[in-house]
Each structure stands twice: as structure tokens, then as C-alpha cells.
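Trainee: I would like to learn how to read the features of a model like this one, step by step. Could we go through it together?

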Amino acid sequence: MKPTLRASRTILSSPFPFPSPSPKTLARSCAPHSTRLQIRSMASSSSCAAADAAFKKIQIKRDDSTFDAYLVGKEDAPGIVVLQEWWGVDYEVKNHAVKISQLGPGFKALIPDLYRGKVGLDVAEAQHLMDGLDWQGAVKDIQASVSWLKANGSKKVGVTGYCMGGALSIASAVLLPEIDAAVPFYGVPSSELADPANANAPIQAHFGELDSFVGFSDVTAAKALEEKLKTSGVPFEVHIYPGCAHAFMNRSPEGIERRKSMGMNDEDEAAVELAWSRFTSWMTRYLS
């Protein structure tokens, strides 16, 4: 069924766009002695430095201000806005954007810096940054990023994101009619921010069976999203990957180290490749 675009909705702001993990939840998910999880900087990793060098840093205007964004990919290719995890614009989201730019026919990937240059180096910092995010402003950043891509060679534009960015991807598919497709990974917004039943764009969502972020990205949240999308009238798919925990797409050496420090020891390259294959098919179908 072809989605029917609805009129633009009012963008809601909420101090808690999705249920934040409690300190006890975070304590359970972190391995012993990992309270202060230090992550190597881009400059200290050759693989991360190589990914960083692939990007063109640009500035995008939104209202009366500008924000930084990072661009990689073919000049006139379909655009994809790539949204960060709660850590910020770090090596992992940049790795994802480089990967996306090379998939299928090729895409132009753009990462808006939602934290304005700040990056969390441990769980506490990431939680603090996410809790302090202007969610209404973040949706406006995404809208400005989509507009920039469409004004600079991309006839169609999709949105994808991971964790916090996954929730924002779904919110964007609801609140921004100019988006042509969305592929969220392990994140669902609260109904106060955006109700998936009102989605305007095709959505393909990915979750891990062992994800323990209750109400946000666990199996119950995934199935609740599926029920909402059934009433939306847009094409959708919801995929749950057996044996996979949260953030299972993070496969860089640094990302694997960080997940293990948080008690996530699952490694399933076949699941990751399957998710990328599904992503490519979905974005190619709706952005071509």
C-alpha cells in the first residue's frame, strides 16, 4: 500500500522522549569496575581516523543558528540522514555513515551533530547528554538536514539512526512529511514525542532479541511498535534478531570493546550482514 502523506504535525517536546534507563538498569548492564568507561578518541585509532578523513564538514542553517554536519558519499545520490547514538557524533556513527555511503547503488550520508560537538566518554556522560537534549530542536535539525540534502542533489532522502537516533528516526517519519523512508535501529520514541501509528513514511525497524532497555528497545517495545505500524497505513517491517543485544550493529574494535564493557558479549556477524542487506533493499526501494 502506498503511504498517504498527512499534513505536518506539531512537534512535541518532552524532557523524557523515551524511558531513560534507571541507574540500577545501567549498573546491571555495566561490567564490574566499568563505571568510568574511557573510549579512545578518533585521533588515537587509525581506523577511526581513516573514517573521519572521509567526511566533508559542513554547516547547516536552522532558524537563526547553524550547526555542524558531516557528509560522505556520491554527490547526486539519494540522501540518508544518519542519527547518532546517545554517545554523540563519535567513531561508531561515522563508521555507519561511511558504510551506508558504499551500500547498493551508493548513498549520500549526512550526520547532523545533535550535541553541538559534545561526545560522551562513559555511560554517565552519555546519559547526561541525552537527558539534556532539546528533542524538539533535534527534530528541527533533522528537518534542516533533509532540506539541505534535497537542495544539494538528493531527490529523495531517508533517515536512519541507532539507539537514541533510532527513536528520532521514527519520530521524524511521523513529524516530517518530507522524509521518504526510515530505518530505525533499536529505539522507539514515547507517544508524547511521536506516535508511530501516525507515520508518514515507510519504516523498517531492527531490534535485538536480548535487548534489555525495557520499554525503549526490548522485544516488548519492538512488538508494540509493530502493532502501531499496522494501523499507520504505511509499508513497514519489524525485524528481531535472535541472540543479539542492544547496539549489535556496532562492529568496530572500539565498539566491540565498549559493548563488552557494558555486559554485551554477543557477536553475530551474520545478523549484522542480514540487517545491512535489509537496510540496502529498503532504502534502494524507496529512495530510487
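Mentor: Helices (H or I, at least four residues) and strands (E, at least two) are DSSP runs, numbered from the N terminus. In this protein there are 9 helices and 8 strands. This is a predicted model, in which local features need pLDDT of at least 70 and side-chain atom pairs count only at pLDDT 80 or more, while totals for chains, interfaces and linings use all residues. Residues are numbered from 1 along each chain as its sequence is written, and side-chain values use heavy atoms, with hydrogens and water left out.

Trainee: What pLDDT does the protein average?

Mentor: pLDDT is the predictor's confidence in each residue, from 0 to 100. The average for the protein is 86, and 82% of the residues score at least 70. Over residues 1-46, however, the pLDDT is below 50, although this stretch has 88 contacts in the model beyond near neighbours in sequence, a contact being heavy atoms within 4.5 Å.

Trainee: Which residues of α5 and α6 make the contact, and how do the axes of these helices cross?

Mentor: Axes are lines fitted to C-alpha atoms, for helices over the stretch in contact, and angles run from 0 to 180 degrees between N-to-C directions. Angles under 35 degrees count as roughly parallel, over 145 as roughly antiparallel, 65 to 115 as roughly perpendicular and the rest as oblique. The axes of α5 (residues 135-151) and α6 (residues 164-175) come within 10 Å and cross at roughly 70 degrees, which means that α5 is roughly perpendicular to α6. Trp135, Ala138, Val139 and Ile142 of α5 meet Met164, Leu168, Ser172 and Leu175 of α6. An α-helix has 3.6 residues a turn, so residues three or four places apart point the same way.

Trainee: Is serine 145 buried or exposed, and which residues does serine 145 touch?

Mentor: Buried means under 20% relative accessible area, exposed over 50%, and partly exposed in between (1.4 Å probe, protein chains only). Serine 145, whose place is in helix α5, has a relative accessible area of 0% and is therefore buried. Leaving aside residues up to four places away in sequence, serine 145 touches Ile60, Phe67, Val81, Leu110 and Pro112. Of the 288 residues of the protein, 58% count as buried.

Trainee: How many disulfides does the count come to?

Mentor: A disulfide is a pair of cysteine sulfur atoms within 2.5 Å, and by this rule the count comes to 0. Cysteine 163 is buried, with a relative accessible area of 7%, and cysteine 244 is buried too, at 1%.
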